[in-house]
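The following paragraphs lead the reader through one protein model. Please keep the sequence and the coordinates at hand while reading.

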Amino acid sequence: MAFFTYILASQRNGTLYIGSTEDLIRRVAQHRAGTFGGFTARHGVQLLVWYEAHETRESAFLRERRIKKWNRPWKLRLIEADNPRAARSQLRAQQLVPLQL
């Protein structure tokens, strides 16, 4: 089973949200539907702009915690450097399309 660390954005260079999950597609759909309210619902953070697969829940959670401590420019560089084409296409399409792992 794969676990994921992910970053959502409200728009290009907008508000960012970092999370981890075992079901990326379901979790992003929940963010988009506002299922849990909270930060992502209040700030309109719905676009998947980056993700990373992990073998364990613990490693995905630790990566989430590390990235949350980063400053904003580091997070933006991660998005652009590790997944530039996918990040741009997600922002253009504004829909969840499973990206190649």
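Which residue stands opposite Ile7 in β2? The residue opposite Ile7 in that strand is Ile18. The model is predicted, so local features need pLDDT of at least 70 and side-chain atom pairs count only at pLDDT 80 or more, whereas totals for chains, interfaces and linings use all residues. Residues are numbered from 1 along each chain as its sequence is written, and side-chain values use heavy atoms, with hydrogens and water left out.

The protein has five helices and three strands, and from the N terminus the order of its elements is β-β-α-α-β-α-α-α. These elements are DSSP runs numbered from the N terminus, with helices (H or I) of at least four residues and strands (E) of at least two. Buried residues make up 38% of the 101 residues; buried means under 20% relative accessible area, exposed over 50%, and partly exposed in between, with a 1.4 Å probe and protein chains only. Among contacts with a separation of 6 or more, 61% join residues 24 or more positions apart, a contact being heavy atoms within 4.5 Å.

The strands come next. β1 and β2 pair in the antiparallel sense over six bridges, and β1 and β3 also pair in the antiparallel sense, over seven bridges; pairing requires that DSSP finds at least two bridges between two strands. Towards β3, Thr5 stands opposite Glu52, and the bridge partner of Phe3 is His54. Seven of the seven residues of β1 are buried, so this strand is largely enclosed by the rest of the structure. Both of its faces are covered, with Phe3, Thr5, Ile7 and Ala9 on one side and Phe4, Tyr6 and Leu8 on the other. β3 is likewise largely enclosed, because six of its eight residues are buried.

The hairpin of β1 and β2 has six residues between the strands. Asn13 is found in this loop and has a phi near 60°, a positive value in a residue other than glycine. Most residues other than glycine have a negative phi. Asn13 is exposed, with a relative accessible area of 55%.

Beyond its neighbours within four places in sequence, Thr5 is in contact with residues including Ile18, Trp50, Ala60, Arg63, Glu64 and Ile67.

Of these, Ala60, Arg63, Glu64 and Ile67 are the buried residues of helix α3. They cover an arc of only 105° around the axis, which puts them on the same side of α3; the arc is that of the directions from the helix axis to the C-beta atoms. On the other side of the helix, Glu58, Arg66 and Lys69 are exposed. The buried residues pack against β1 (3–9), β2 (16–21), β3 (47–54) and α4 (72–82). α3 itself (residues 57–69) has 13 residues and reaches 19 Å from its first C-alpha to its last, close to the 18 Å expected at 1.5 Å a residue, where the expected span is 1.5 Å times one less than the number of residues.

Ile67 also belongs to the largest nonpolar core, whose ten residues are Ile7, Ala9, Leu16, Ile18, Leu47, Val49, Trp50, Ile67, Leu78 and Ile79. A nonpolar core is a set of buried Ala, Val, Leu, Ile, Met, Phe, Trp, Tyr and Cys residues joined through side-chain atoms within 4.5 Å. β1, β2, β3 and α4 each give two or more residues to this core, and β3 gives the most, with three. Apart from this core lies another, of eight residues, among them Phe4, Tyr6, Val28 and Leu48.

Just after α1, Gly34 takes a positive phi of about 70°.
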